[in-house]
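Reader: I would like to go through this model step by step, beginning with a strand pairing and ending with the domains.

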Amino acid sequence: MSAPGGPGLPPGVAVHRALATEPDEAVLALLDEAERERLARLRRPADRARFATGRRLARTALGALLGVAPAEVPLTVGPAGRPRVADAAALDLSVAHAGAHVFVAVADGGRRVGVDVEGGSGAPLPDAGLLGVVCTPSERAALAGLEPGPRHDAFLALWTRKEAVLKADGRGLLVDPTTLELALEDPPRVLVAPAGVPGPDRLTLRDLDAARGYRAALAVVAP
Ligand SMILES: CC(C)(COP(=O)(O)OP(=O)(O)OC[C@H]1O[C@@H](n2cnc3c(N)ncnc32)[C@H](O)[C@@H]1OP(=O)(O)O)[C@@H](O)C(=O)NCCC(=O)NCCS
C-alpha cells in the first residue's frame, strides 16, 4: 500500500487538488455525521465548497489507499484540529484551501505531511504587523531588501512553507511562527526549528505548482 509520489514528490506521498465546488448529493453521501454537522454550521457558500471539496479529495485518496469506499474512511479530527485517519497510524493527511483552490496531501509508511496554499484577493499582505507575527528578524531583513511585487510573492512563499511545516508538526499556529526560521532563497529548507518541530534531518520542504497569484508548499516528515 503506497501512494504514488507525484512529479518531484517522494514515494508514499501524493498531492491532490481541485477547485472548490458546492457539495451535491453524491458528495454529501461521502461525509460522516460530524462532517455534515460541520458543513451545516458553515454559512458562506465558499466555505461550504472548500470544506466539502477537501473532504471529498481526502476520502477518495485515503479510500484508495485503504481499499475501502470513500464514505467508509474513518476520518476524525485530532488535537489542535489536525485531521487524521482513526486506527491507521501509518497514514497521514493534510488539507489546505485558499480562494477556490483546495489541496490535500496524503502519505503512508508513517510519514507525516503538511500542505498549505495562500494567495488571491484574500491573501495576507506583508505589512509590518503581519511580518512581526510571522517572520524572524533575519527573514524580515531579507524581505525588506525586495521590491514590493517580489516581496509579496516571497512572503507568500515563506508563509506557505511555514504553515506546511507547522501543519505537519500538528500544532499549527499554536507554535509561534517566529520561532521557526526558513531560508528565503531556494531550495526551501528549515534553518532553525523550535523545540518539538522536526528539523532538516527529518523534514523536507518543497513548493507545489499553484495558480497565478498563489503559492503552495508541502512539508514531509520522515518516519
Ligand atoms: C492549521 C491552521 C494553520 C490552518 O489555517 P488556515 O490558513 O486558516 O487554513 P488552511 O486552509 O491553510 O487549512 C485549513 C485546514 O487545516 C487543517 N488543520 C486544522 N488544524 C490543524 C492542525 N493543528 N494541524 C494540521 N492541520 C490542521 C484542517 O484540515 C483544515 O481544513 P478543514 O477544516 O477543511 O478540514 C490553523 O487553523 C491552526 O493553526 N490551527 C491550530 C490551532 C488552533 O487554533 N486550534 C483550535 C482548534 S482545536
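Reader: Which residue in β5 stands opposite Val 13?

Author: The model is predicted, so local features need pLDDT of at least 70 and side-chain atom pairs count only at pLDDT 80 or more, whereas totals for chains, interfaces and linings use all residues. Residues are numbered from 1 along each chain as its sequence is written, and side-chain values use heavy atoms, without hydrogens and water. Strands here are DSSP runs (E, at least two residues; helices are H or I, at least four), numbered from the N terminus. β1 runs antiparallel to β5 (residues 101–107), joined by seven bridges, and opposite Val 13 stands Ala 107.

Reader: Which strands stand at the edges of the open sheet?

Author: The sheet has three strands in the order β1-β5-β4, paired antiparallel, where pairing requires at least two DSSP bridges between two strands. Each edge strand has a single partner, so one of its sides is left without a neighbour in the sheet; these strands are β1 (13–19) and β4 (92–98).

Reader: How many residues of domain 2 are in contact with domain 1?

Author: The bounds, which come from an automatic or database domain assignment, are 3–88 for domain 1 and 117–221 for domain 2. With contact meaning heavy atoms within 4.5 Å, nine residues of domain 1 touch domain 2, and the number on the domain 2 side is 12.

Reader: How many salt bridges are there between domain 1 and domain 2?

Author: A salt bridge needs a side-chain nitrogen of Lys or Arg within 4 Å of a carboxyl oxygen of Asp or Glu. Between domain 1 and domain 2 the count is zero.
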